[in-house]
Amino acid sequence: AIANALRKQESRRNNQRIQLHLATQEARYQEIFNNAGVAICHIDIPNLAHILDHRDRWRKAKAEDITRQLACIVARETNAELLKLFEAESADQFAADFSAVWNPEELAALRFAIRQISRGAESFEDKALFKTLLGGSVYLHFKFNKIDTESSGYIVTFTDLTEVQRSEKRLNHVIAEMEDTVTSRTKELKLANDQLQHQASERER
């Protein structure tokens, strides 16, 4: 009887240690998640089996077919940076409207994402224009990282490239203007040179 009581006591202590360890790990996870410094969310894909079973169809799938699958994704956890980036008032609002952030006009990026998910890719990334919940647009680099091979969850990070895109557009505009100016000046110089050569030929006569 005493030995049995001791075993039960040791079992309770082991259970307490395990619970404490899990609580510590969860607190550490939350600390990292909430202080990541980037927009991040933990998603779950309940329809993963369907996506995996139909992997051959996603290469040429239409935007509406892909967004229908992406609409099934559940946003489990989000941090403050992500809510700010997508102009969401709360985590609940973002979770409820998560399907609205995917831009159907970004078909190439949508196909890429769904195809990588269908292949069970552990990690993949791309760039695309997303929608905010207030109707705006943000150009983002997104990266999916699978939590583990057994689950249907991913950790997704988003990096805002909107200003970078605007800077690139401004730079491309300036370069185009410079190219036009150089082309115009080259034509003017050629015309002036042709005129000088013509005048020189006239004088030689």
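**Exercise 1. Which residues line the largest cavity?**

Before starting, note that this is a predicted model, where local features need pLDDT of at least 70, side-chain atom pairs count only at pLDDT 80 or more, and totals for chains, interfaces and linings use all residues. Residues are numbered from 1 along each chain as its sequence is written, and side-chain values use heavy atoms, with hydrogens and water left out.

*Solution.* 
1. Learn the term: on a 1 Å grid over the protein atoms alone, a cavity is a set of points where a 1.4 Å probe fits but cannot get out, and lining residues have an atom within 4 Å of a point.
2. Find the lining: W102, N103, E106, A109, L110, A113, A128, L129, F130 and F142.
3. Locate it: α6 (107-118) and β3 (123-131) are the elements that give two or more residues to this lining. Helices (H or I, at least four residues) and strands (E, at least two) are DSSP runs, numbered from the N terminus.

**Exercise 2. Describe how α3 packs against α6**.

*Solution.* 
1. Take the geometry: α3 (residues 63-70) and α6 pack at an angle of about 50°, with axes 10 Å apart. Axes are lines fitted to C-alpha atoms, for helices over the stretch in contact, and angles run from 0 to 180 degrees between N-to-C directions.
2. List the contact (heavy atoms within 4.5 Å): A63, I66, T67, Q69 and L70 of α3 meet L107, L110, R111 and I114 of α6.

Terms used: 1 Å grid on protein atoms, 1.4 Å probe; cavity = no way out; pocket = protein on both sides within 12 Å on 5 of 7 lines; lining within 4 Å.
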